[in-house]
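Biologist: I have a model open and want to learn how to read it. Can we take it feature by feature?

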Amino acid sequence: MALDAWGLPGFLYMYHFRHRLGGTGRNGAEHYVGFVLGNDPQAVIDRQKAHKIGSGAKIMKAAFDQGCDPVLCRVWVGTRNDERRFKRSGHFDRACPVCKNGGDTLPLLVGSTQP
Ligand SMILES: [Zn+2]
């Protein structure tokens, strides 16, 4: 049986941008959701460091470079399939604790359930 890498467990994490990146509508972004493989939470911390120094996703580099003030707001257990499904849903604001709190930052939300 072939191993489905998209089904391997890891962590999904969400950033909320305090200032919108890019234009309005579909051309802009207020959130970023990423994935790290494995069951060691240190991988999440390492990925955040990579984003901050610009060696992660290009959108995160742009967000830091353009002063969007990204805030890591949520971490949960999932797979790449979950990441893909979540991104396709397009409802980042519904899962974002910062948006749900009127833009005020809350302590990082960490959990094992899908948003
Ligand atoms: Zn948000």
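Modeller: Start with confidence. pLDDT is the predictor's confidence in each residue, from 0 to 100. In the protein chain, β3 has the highest mean, 94, and strand β4 (residues 109-111) the lowest, 80. The chain mean is 88, and 97% of the residues reach 70 or more. This is a predicted model: local features need pLDDT of at least 70, side-chain atom pairs count only at pLDDT 80 or more, and totals for chains, interfaces and linings use all residues. Residues are numbered from 1 along each chain as its sequence is written.

Biologist: Why does confidence matter for reading coordinates?

Modeller: Where pLDDT is low, the predicted coordinates should not be read in detail.

Biologist: How many helices and strands does the protein chain have?

Modeller: Helices (H or I, at least four residues) and strands (E, at least two) are DSSP runs, numbered from the N terminus. The protein chain has five helices and four strands. Their order from the N terminus is β-β-α-α-β-α-α-α-β.

Biologist: In which sense do β1 and β2 pair?

Modeller: Pairing requires that DSSP finds at least two bridges between two strands. Strand β1 (residues 9-22) and strand β2 (residues 28-37) are antiparallel, with nine bridges. Y15 has Y32 in β2 as its bridge partner. Five residues separate the strands of this hairpin, and G25 takes a positive phi near 65 degrees.

Biologist: Which residue has a positive phi although it is not a glycine?

Modeller: That is D69, with a phi of about 55 degrees. D69 sits in the loop between α2 (58-65) and β3 (70-79).

Biologist: Is D69 buried or exposed?

Modeller: Count C-beta atoms, placed from the backbone: 20 or more others within 10 Å means buried, 12 or fewer exposed, and in between partly exposed. D69 counts as exposed because it has 12 C-beta neighbours inside 10 Å. R84, in helix α3 (residues 80-89), has 13, so R84 counts as partly exposed. Of the 115 residues of the chain, 26% count as buried.

Biologist: What separates the C-alpha atoms of R84 and W6?

Modeller: They are 9.3 Å apart, yet 78 residues apart along the chain. Of the contacts with a separation of 6 or more, 68% join residues 24 or more positions apart.

Biologist: What does the radius of gyration say about the protein chain?

Modeller: It is taken over C-alpha atoms, and the globule rule is 2.2 Å times the number of residues to the power 0.38. A compact globule of 115 residues would have a value near 13 Å, so the chain's 14 Å agrees.

Conventions
Contact = placed C-beta atoms within 7 Å.
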